[in-house]
Amino acid sequence: MTSSTISTSKLRMGMIGGGPGAFIGAVHRTAACLDGEIQLVCGAFSSDPEKSREMGKQLGLSEDRVYGSYKEMIEQEQKSKGMDFVAIVTPNHVHYEPAVLALRAGFDVVLDKPLCFSLNEAHELSQIINETGRTLCLTHTYTGYPMVKQARQMIARNDLGLIRKVYVEYPQGWLSHEDVNSKQAKWRLDPKQSGPSGCLGDIGVHAFNLAEYITGLQVTHVCADLRSVVESRQLDDDASVLLRFNNGASGVLMASQICTGEENNLKIRVYGENGSIEWQHGDCNTLAVRWFDSPTEIYRTGTQYLSQSAIHNTRVPAGHPEGYIEAFANIYRNFKRTICAKTNNEKNPSEQWEDFPSIKEGVRGMAFIETCLANSKNNTEKWTELNE
């Protein structure tokens, strides 16, 4: 198979989590199956066997392919060789163990962010991936948007010149009040399930990942202020972080879930010596490019003047809305084609196929969360070096 050849065989996916009432599980299933290159064949959808069976029935799966636990599923599917990879869409505290079991059983893994519960777990997962030779995909969804790809390519080829300043923000308002009665809020605000961070680990890590992905730079130091604005909460619901990058640029990251009236408008601005770019989730098909001595340019998806990376991840002609599910599906499609290329021992798979977040981004994200937590807890108002 050459790098221009697309495997027509479907990959068979199992799912852990995503049972009745879960939000992200349905998103993963829809995105994974959008291109007809992946098929959901089995699942352990809940820690409650009855709920798992209920979900399997809703999805039309065979009863003998719906399991009461992820351990049972991995063990049985390893024996039958009926599954190619597993998608893990559970709360954070149930990321590490099923990922380890799946990798060691010979399965590739798609994992919802953040990677796991701690940086130590992240390092262990990285080591296991190196030992097993398996592939892990981390669903930082926003890297799948065509105009995010376009921004990354423009910066990579130095269109903006030296990058000097990065502003990235992710405001939400759904946790503005104490009495939020939802399954999603319950586990995200519980340190036993979410981990040591709330807002920063949930959406701040998306903003961090987007800043590093688009600029191609790495954050080296942080100065963080994490707060629980709603006093009864054990985890942060608001975060402000100053950033320093490895090329000398500075940045500001804001992530908050108490910004009343806000939805999910992740936004980034990157300023170089010759120009700047601006992208926001609320208008995801548009990229604004501003120049020092030329008129502002507006780039749109579906047009032929875009980079090959943006075109590869565009699905419909210009003017047709293209958004969250499609960006998610781009990640799944690229992951699938990379797996098929590896299975067929292809030496030079397409660069576009390999463009999805992986274990490296997962480790970086956990290092960012723990460094910010330590810096904010010490309340030193000084910089802390970000070490993986």
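A salt bridge here is a side-chain nitrogen of Lys or Arg within 4 Å of a carboxyl oxygen of Asp or Glu. Keep that rule at hand for the tour.

The model is predicted: local features need pLDDT of at least 70, side-chain atom pairs count only at pLDDT 80 or more, and totals for chains, interfaces and linings use all residues. Residues are numbered from 1 along each chain as its sequence is written, and side-chain values use heavy atoms, with hydrogens and water left out.

**Stop 1: the two domains.** Colour 11-134 as domain 1, then 145-314 together with 359-376 as domain 2. These bounds come from an automatic or database domain assignment. The centres of domain 1 and domain 2, taken over C-alpha atoms, are 27 Å apart. Contact (heavy atoms within 4.5 Å) involves 19 residues of domain 1 and 20 residues of domain 2.

**Stop 2: the interface.** Domain 1 and domain 2 bury about 1,500 Å² between them, with 65% of it on carbon and sulfur atoms. Buried area is the accessible area (1.4 Å probe) that two parts lose on being put together, summed over both. Select K113, F117 and L119. These three supply 35% of the area that domain 1 buries against domain 2, more than any other three residues.

How many salt bridges cross the interface of domain 1 and domain 2? The rule finds 1 there.

**Stop 3: a link within the chain.** The salt-bridge count comes to 20. For one of them, show R364 and E212, whose closest N and O atoms are 2.4 Å apart. R364 sits in helix α12 (residues 359-378) and E212 in helix α9 (residues 199-215); the pair is 152 residues apart and links distant parts of the chain. Helices (H or I, at least four residues) and strands (E, at least two) are DSSP runs, numbered from the N terminus.

**Stop 4: the UniProt spans.** Positions from UniProt follow the numbering used here, feature names are shortened, and annotations may be inferred rather than shown by experiment.

- Select 12-138, which an unreviewed UniProt entry lists as "domain: Gfo/Idh/MocA-like oxidoreductase N-terminal". This span is 43% helix and 20% strand, and its end C-alpha atoms are 18 Å apart.
- Select 148-278, annotated in the unreviewed UniProt entry as "domain: GFO/IDH/MocA-like oxidoreductase". Here the chain is 27% helix and 33% strand, with end C-alpha atoms 10 Å apart.
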